[in-house]
Amino acid sequence: MDLDEAKEFKERCTQCAAVSWGLTDEGKYYCTSCHNVTERSKEVVNTGAIPNTKIQAINRGLKRKRKLEKGWDWYVCEGFQHILYQQAEALKTLGVGPELKNEVLHNFWKRYLQKSKQAYCKNPVYTSKRKAPVLEDNPSHSDWDSEPELLSDFSCPSFVESGAESQPDVHTQKPFPIIKASQSETASICSGSVDGVEYSLRKEKGIVKMTVPRTLAFCCLALLWQRETITLSDLLRFVEEDHIPYINAFQHFPEEMKLYGRDKGIFAIESWPNYEDIYKKMIEIATFLDLPRFPDITEDCYLHPNMLCLKYLMEVNLPDEMHNLTCQVVKMTGIGEVDFLTFDPIAKMAKTAKYDVQAVAVIVVVLKLLFLLDDNLEWSLSNIAEKYNEKNKEDKPWFDFRKWYQVMKKSLDEKKQKWEETRAKYLWKSEKPLYHSSIDKSVVCKRREMVVNLQKQFSTLVDSTPTIGKKSPSSFQFNWTEEDPDRTCFHGHSLQGVLTKKGQSLTTKNSLYWLSTQKFCRSYCKHVTTYEESNFSLSYQFIINLFSFLLRIKTSFLHEEVSLIEKRLFKTKYSKTKKKSSRSRKCDPWISNDVTRTLVRNTKSQALLPTCHFRTRCGAQKAVIQKALQEFRYSLKCE
Amino acid sequence: MSDFSEELIKSTTEDDQGERCELSGTGMHFPWLQKHIETVATGGKKEKDFAQTTSACLSFIQEALLKHQWQQAAEYMHSYLQVLEDSDSCKRQAAPEIIWKLGSEILYYHPKSNVEAFNAFADRMKNIGVMNYLKISLQHALYLLHHGMLEDANRNLSQAETWRYGEKSSSQEVLINLIQAYKGLLQYYAWSKKKMELSQLDKDDYAYNTASQNMLDHSWKTSVNLGALIQIPGVWDPFVKSYVEMLEFYGDQDGAREVLTNYAYDEKFPSNPNAHIYLYNFLKREKAPREKLISVLKILYQIVPSHKLMLEFHRLLRKSEKEEHHKLGLEVLFAVLDFAGCTKNITAWKYLAKYLRQTLMGSHLAWVQEEWSSRKNWWPGFHFSYFWAKSDWKEDKALACEKALVAGVLSGKGCRYFRYISKQDHQVFRKKIKRMKKLVKKYSIINPGL
């Protein structure tokens, strides 16, 4: 019963007057609603010449078989190329410069094809593996021509030159020798692409195989190269909000690129990308491609922590004045240095900063410096601020942590709820159903049809006003205004309530600090610390939750980053050097011996130390240390 | 309309290749292995986001239904339908039933829904997979019945009745029987309507014959439909009742008796008090011997000692000649009054008062003491408290007098209930109370020697 083929027949059924025809095995039309079989059969309608139904049946059978294979001969990597092309286009509409698509991403991709021996090299993987006849002038060899836009800037491989890699002549080399696919159609293992089966079986050491998540790693690398104003977390959020093609990206392949069989396993995706995963893949790909050092991330770049801190301070509605403190922390920890920030895949330990996570971690550290976040001090400071604000209504208001918490908690809960609802409503399945083999093609198509019909029925029950369509993409998720009491804006509030003047400089009123992780795990388990929520204060939990929701990352991931920042900030505490103060004061006034000397251990929480591995203990306890705030000098430049 | 025959065909090319982690020949089965393989394949991730969001969607639907937010439920349902395309074949196969249950609930209550929408939905759902066809057909018919569309329901049931798909599983067979029985019930309804019309017609009327012929046809069809189901163990009260009514109407007393006896006594059937009640009523109509009636009610007494038929049972026992029946008669009365629902049943108290006297007169003190010994701890508080005496006297003086007599006989003159009632002064009841006092003095089982 092939409903597609029966669409041409448009007459009304003599029994029930419906126009819904299917084809019987004999090629006759039957009504799908009343099962009335007509005398007319398909071929007669089309040609009107063949009277013998038996011949028609045979005819039809042959036609149908060929139908599965119809379409272009295409390779899996072309599919990925198409996805990358779509993603680059989407990024362009998001406002990214056209060079990203035409130069950077394109070159990365060419380099990938070369490195993975799929093209631009002497012995492409396909010829070396199989001795199939190479048809140089196959008419269906339209793979490269079909992507004229991506390949339009062939003449400017400026990036590849710097890569110190011998570049074979692209134009003389045919990228893909065509192998005639000889898979029998009835076999369960088949694919729409030429090399789908082979590709899914390919397991070569040292080759990074292309996957759909890796397309995002490519995009992110290109964005980083261009120093664009989109971070990895932004990119993944845009994917989730459907601004960048990812799930069902294959839907937009040209009609002639047929997908089925093994292609399903390669191109169908049923999960959203995950930060850690894509981050790892980025480094992996950059190393595989042997990319040179990326352009420097300097202070005027969006990805510089100072810039990102400013952005995230605005996003979470914290006072602008806090930016001075974040800058100070960035400076002290050295995470603002060009060498630290710039990605260099050739370096010994290839790693790049997680720019967005790091910036957010800096803000968390600053909040801890100011408010301690021990479920106690932040509230008493709020009381002071509240009293002051009541008395001095004309002045610039002091930042009130409690009020901020109330506003944020409400907005966050609403946002989260909405986020969960939209996720639950997400439609994963493509309009083009993917099937494994010709056997289940009809079943899959019918199932699809059924779902569409049922969806139609339920959509009539939904309120006529359609739910707000696609949200327009924005790098900000929250919106703060002075007018609405639920969305009070705290940007202009001052930090005077939590700072005191000391001579020429300002210090924080709070003189204590606790470390998120006291001992780092040095085991083979790869993680440096663990995050057991219940061991931490409620306000710390809230802040970690807030930021990890913004970046759509796991809380433990952010906690780890906070701990790493603290490790840089309180170097002496961790290195346990108990040298005299005079020496260390000289080299770094901030980390004074006072920090270590006046360390106050919270014995109670130490008893709760979780044991991570037999050798080390990952700290989740609160070691309250007294900061030597006399030493903590920073100048408020704006003052 | 097309069937998804996947449950039966089970193409091996589906992604459930790994699902059967069974070593051929050994018959070993490792259910955890599949999960393990999945987590490895997905890079340590346990669940795909698709699975996560659809299960979240399901709980949103349930929440919406709970709060009667049909609109929201429909909205989520729109997204939930994609589980029908889940690549996990287990979930995909379980989906139609869930979708049917939730969807039919939404369509039943949604303000924008109507019978047509429900019909369309039911027809679609029937044909997703074969396992649910009958269940959905039956529920669809019940929905139509609920909306008073008897004919449509009947047509629906007929369609389902003739439906066959390969080898029927045993559960499906029961369903077919149930569908036939419901069809029979509908026919019974038509029949009894005809019976009503017939009773209004004159016997000599020429229309009478055709009408009665019509009825006969109906009854024949119905008995076929109902008969099959009743053979299967289960609780089929409405079906049995209507079947028996029809059999009786056409004078097939033996057939009716057989059905009812089978329904009540077959051990494969679950214990069902109604079965015995139907049988008893039938036998009573038949004027069966007392002995037989007693044996039926004896079983009912064991299942439901507080049933209202127990007083009738007591009367039968009282009239019996056997001594053991007389003893049982006393037991039955005590057992009835053990239940809080019967405390104000004046007949029961009257019977007990009368029967106590009779028993004691017949010098069967031991019987009374036997019954009383297990109740003397709690009956005084339960029935014969001061509070009850007051309220009973206020509400129903006759009842109070009967109760007081029983109280006096069982727990002596010192009983608070008896004392309260005997002190009352009332014109109408003066004589009765006096007699009561005398009787108590004579028969009280407390200190009988005095």
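Predicted model: local features only at pLDDT ≥ 70, side-chain atom pairs only at ≥ 80, totals over all residues.
**Tour: a helix pair, an interface and its salt bridges**

Select α5(B) and α6(B): their axes come within 10 Å and cross at roughly 175 degrees. (Axes are lines fitted to C-alpha atoms, for helices over the stretch in contact; angles run from 0 to 180 degrees between N-to-C directions.) Because angles over 145 degrees count as roughly antiparallel, α5(B) is roughly antiparallel to α6(B). Helices here are DSSP runs (H or I, at least four residues), numbered from the N terminus.

Now show side chains. On α5(B), pick P96(B), I99(B), W100(B), G103(B), S104(B) and L107(B). They meet A117(B), F118(B), F121(B), A122(B) and M125(B) of α6(B). Contact means heavy atoms within 4.5 Å. By class, this contact has nine nonpolar residues, two polar and no charged. Ala, Val, Leu, Ile, Met, Phe, Trp, Tyr, Cys and Pro count as nonpolar; Asp, Glu, Lys and Arg as charged; the others, Gly among them, as polar.

Next, bring in chain A. Here 42 residues of chain B touch 40 of chain A. The two chains bury about 4000 Å² between them, 61% of it on carbon and sulfur atoms. Buried area is the accessible area (1.4 Å probe) lost on being put together, summed over both parts.

Look for charge pairs across the interface. There are two salt bridges between chain B and chain A (Lys or Arg side-chain nitrogen within 4 Å of an Asp or Glu carboxyl oxygen). Select K425(A) and E75(B): their side chains form a salt bridge at 2.7 Å, N to O. Then colour α3 (49–66), α4 (70–80), α5 (89–109) and α6 (115–126) of chain B; each gives two or more residues to the side touching chain A. That side has 18 nonpolar, 13 polar and 11 charged residues.

Finish on α3 (76–93) of chain A, with K92(A) and E89(A) three residues apart, about one turn. Their salt bridge has its closest N and O atoms 3.9 Å apart.

Residues are numbered from 1 along each chain as its sequence is written, and chains are lettered from A and ligands numbered from 1 in the order written. Local features need pLDDT of at least 70, side-chain atom pairs count only at pLDDT 80 or more, and totals for chains, interfaces and linings use all residues, while side-chain values use heavy atoms, leaving out hydrogens and water.

Note on methods: Parallel < 35°, antiparallel > 145°, perpendicular 65-115°, else oblique.
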